[in-house]
Amino acid sequence: MVANRLHSCLKWTLAIFGVVSLTMNIVFLCMSSEKAPRCAVKPRFPPKGEHDARSMVFADLTRDEYTQVRDYMLGQKSLDLTNDALAKPSQNFLFLIELSLPKKKDALGYLDQNSTKPSREATAVVFHGANGQIIEYVVGPLPNPTYFKDVTQKRYNKTLPISARTVTIGEYALLFKFTRAQVYSKLPKLLKESFDVDKDKTINEFEQMPRGVKSGDRITWISFFRDMSGMYIHPVGLEVQVKHQSLNESEWTVERVLYNGQYFNTVEDLRAQYEAGNVSKIVYKETPDYGSLKPKVRPLQVPPLQYYPEGKRFSVEHNHVLYLDWSFAFGLSSLTGMRAFDVRFKGERIVYELSVQEAMSVYGSVTPGMRLTKFLDSSIGIGRFAHELARGVDCPYDATYITTHRYIDVSAPVRFKNSICVFEHNTGQPLRRHFADFFHNSYGGLVNSALVFRTITAIGNYDYMWDFVFYQNGALEAKVHATGYMSTSYLVEGSKKYGHQVADKVLGNIHTHFVNFKVDMDVLGVKNVFLTKDMKYANVSMPWNPSRHAMVPQLVEEQLKTEKAAALRYGTVTPRYLHVASRALNRWGHERSYRLQVTTFAGDPLPESAPEEKAMAWSRYKVAITKHKDAEQTSSSLYSQNDIWSPAVDFSKYIADDESIDNEDLVAWITTGFLHIPHAEDVPNTVTVGNGGGVLLRPHNYFDVDPSSESPDAVYIEPRSERSCGTNRMACLAQESCSPVREPFTYDGFEGVMKFD
């Protein structure tokens, strides 16, 4: 009995000791964590260089400037304008206000020669429904405008018909009202039995483009989808063709109807055939919510996060960014999206303008809407849909976030919180390294830490992630990745020629993605040439044994001197090295240049015989080099989508005049992209991995040595100095650990979404 009591006491003693020990350890860990110093908020070392207020010449309009332009234009009684977001097509609607970029010559004079600052002006786009045309006005000077000028003819050498306008929120509201009156109200039995639609349930509309088959058409196929998460992958098998050409909505008509692969001339015809039992019916059944992005499992761990132990090594002031040896100005166009200006490395301008121009997709389908579809996103507005970025997901948690304002299809400027992010990150691989195994044993390496300037635009079903990346070796990359939802159609006979089935009665339609970038290069000034380099094998004899020959690769170099020669088409063999070069030589006697290295997995461009191809003529070329002209500002336009057969901007004309590009101010137009054959793994939606492309601008004999060799991030290790901090900061991280200071998570991205009421 005594032994049992002793055993019991021992057990309780050990248990109490264990609890006390555990408690003390927890307290010790908490005390230790509290003692961990907070990471620096301010950078340990100031950024190189100073912010330049002259960058504001490229700055987007402020909220006040938007308001000033709007009020000034509304005050012009002769224009009879409205800014009502639900304006009817017959009214004169102030659709867009945006910065009007200065002429390049004027901007360079101001930046480089202390010339007069160019007047700050805005472009105002008005849909003049009352007289059937679109007019672009330049309004200025800002602030406090005093003049407006019609510049439409000057910019496009033609008048712009009202049929080329973007479908506005006001017109969408009328279209939704029309379909409910002319389709929903006439097919209650069919809609209930096939799609479970009643007064409490609906289906959603998604229209296809272009709207017809010739200039002046405004005849749109509208497809219907279940009102569920990721509606774009829930087609129901009903499509209607609406003719909304008239500016008077009372004259709109339904031209055709498609139901379960069967065509009908009118809604009444479909109803009669359905009720007579002459139609192959779709019978409603509940559909799983396979398009939802809500997590299916409870989160267990937070993924890796980055932080800045010694503060951020970049600085953002107004629209100007400093990062190590880099500096640039930035903007976000409502139409074309992200852009950078006056990009300099070590004080020398490399690029005058780097900008997104267009994102285009061509679809294939057996059903009518997707069969015609060719999306040109700048006609809707690429930058228009740059909403708030989710901290820690869209960008690293501790990135710097920038708020923007836009005025497009609204009644007042709209604020888009945190719609741009800037961050430095470790790409996960060294920029360069070497381990010396044979002689002079050592290790030398440099982390590939780069600055990323990013926005993400959600244009209908697709989300495009746009990145400009600045590397320590003087390279600059522009790239895009696609995610979001694929467009789908209802599976009918013959569908599988145009894609893969991805769900019950759902076809993922084959489509292309083409994206165009503008790169206005200024390599040591505005007098540049375009060079190509490649290789060939030569059968050469060996001097020490002339009777023997060997196939030896040799360098092949050529200068392309005209725009036609430098328009390098997809589908042809192009040189692998493409250079915009200065006539200045580096220390070793070679032209100082930047190489254009294009990464693309694009499908075939639309054949030139297609009547719509002129609106996307830029997609013919992997790279096209033209002489800079202020009149050739963009490769596409706001009006390309809805007048695709007679576009306001035909890029092929930039090439057709075949001007000299020998020792001229050169612009590179880069087309990249990928072919998307949808597959089961695109459900619930498409991932970014492998779905992208871009262009890398790499210094090529521009320097005498790699400029990153001067980076303080370099690590060097010799035998017996492995733990020395002198040339290896990695060895000291354990002693320098700190606790990051984090902003609280917030998200207000739904404040700027489109509203149709």
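**Close-up views of a predicted model**

**View 1. The surroundings of Y259 in the nonpolar core.** Not counting residues up to four places away in sequence, Y259 touches L190, S194, F195, G237, L238, F264, L270, Y274, V279, S280, K281 and I282. The model shown here, as in every view that follows, is a predicted one. Y259 belongs to the largest nonpolar core, which has 120 residues, and is listed with F195, L238, W466, F470, F530 and L596 as having the most contacts inside that core. Strand β20, made up of residues 462-470, gives the most to this core, with 7 residues. Another core, of 38 residues, lies apart from it and includes F93, F514, Y570 and A617. In soluble globular proteins, nonpolar side chains tend to be buried together.

**View 2. The largest cavity and its lining.** The structure holds 6 cavities of 30 Å³ or more, and about 90 Å³ of space lies in the largest cavity. This cavity is lined by 17 residues, of which S223, G237, E239, S489 and Y490 are the closest to its centre. Two or more lining residues come from each of the elements β7 (219-226), β8 (235-243) and β22 (488-490), and β8 gives the most, with 4 residues. Sorted by class, the lining of the largest cavity has 8 nonpolar, 8 polar and 1 charged residues.

**View 3. The aromatic pair W221 and Y263.** The count of aromatic pairs in the model comes to 38. One of them is formed by W221 and Y263, an edge-to-face pair with 6.4 Å centre to centre and 80 degrees between the planes. The pair links distant parts of the chain, with W221 in strand β7 and Y263 in strand β10 (residues 262-264), 42 residues apart.

**View 4. The aromatic pair F345 and F703.** The ring centres of F345 and F703 are 5.8 Å apart and their planes stand at 75 degrees, so this pair is edge-to-face. Because F345 lies in strand β14 (residues 337-345) and F703 in the loop between β33 (692-700) and β34 (714-717), the pair ties together parts that are 358 residues apart in sequence. Both F345 and F703 are buried. These two residues also belong to one aromatic cluster, formed by W326, F328, F330, F345, F453, F468, F470, Y594, Y702 and F703.

**View 5. K533 in strand β26.** K533 has its place in strand β26, which spans residues 529-542. With a relative accessible area of 11%, K533 falls under the 20% cut-off and is therefore buried. Leaving aside neighbours within four places in sequence, K533 is in contact with L555, V556, E557, P575, R576, Y577, H579, H700 and N701. One of these partners, V556, is 23 residues from K533 in sequence and 5.5 Å from it in space, C-alpha to C-alpha.

**View 6. Q559 in strand β27.** Q559 is placed in strand β27, which spans residues 545-560. Leaving aside neighbours within four places in sequence, Q559 is in contact with V529, F530, L531, R583 and D662; among these, F530 is one of the residues with the most contacts inside the largest nonpolar core. The C-alpha atoms of Q559 and F345 are separated by 26 Å, and the two residues are 214 residues apart along the chain.

Definitions and conventions
Residues numbered from 1 in each chain as written. Predicted model: local features only at pLDDT ≥ 70, side-chain atom pairs only at ≥ 80, totals over all residues. Heavy atoms only, no water. 1 Å grid on protein atoms, 1.4 Å probe; cavity = no way out; pocket = protein on both sides within 12 Å on 5 of 7 lines; lining within 4 Å. Points joined across faces, edges and corners; volume = space filled by probe spheres on them. Nonpolar A, V, L, I, M, F, W, Y, C, P; charged D, E, K, R; others polar. Core = buried A, V, L, I, M, F, W, Y, C linked by side-chain atoms within 4.5 Å. Buried < 20%, exposed > 50% of the residue type's maximum accessible area, 1.4 Å probe, protein only. Contact = heavy atoms within 4.5 Å. Phe/Tyr/Trp six-rings, centres within 6.5 Å; stacked < 30°, edge-to-face > 60°.
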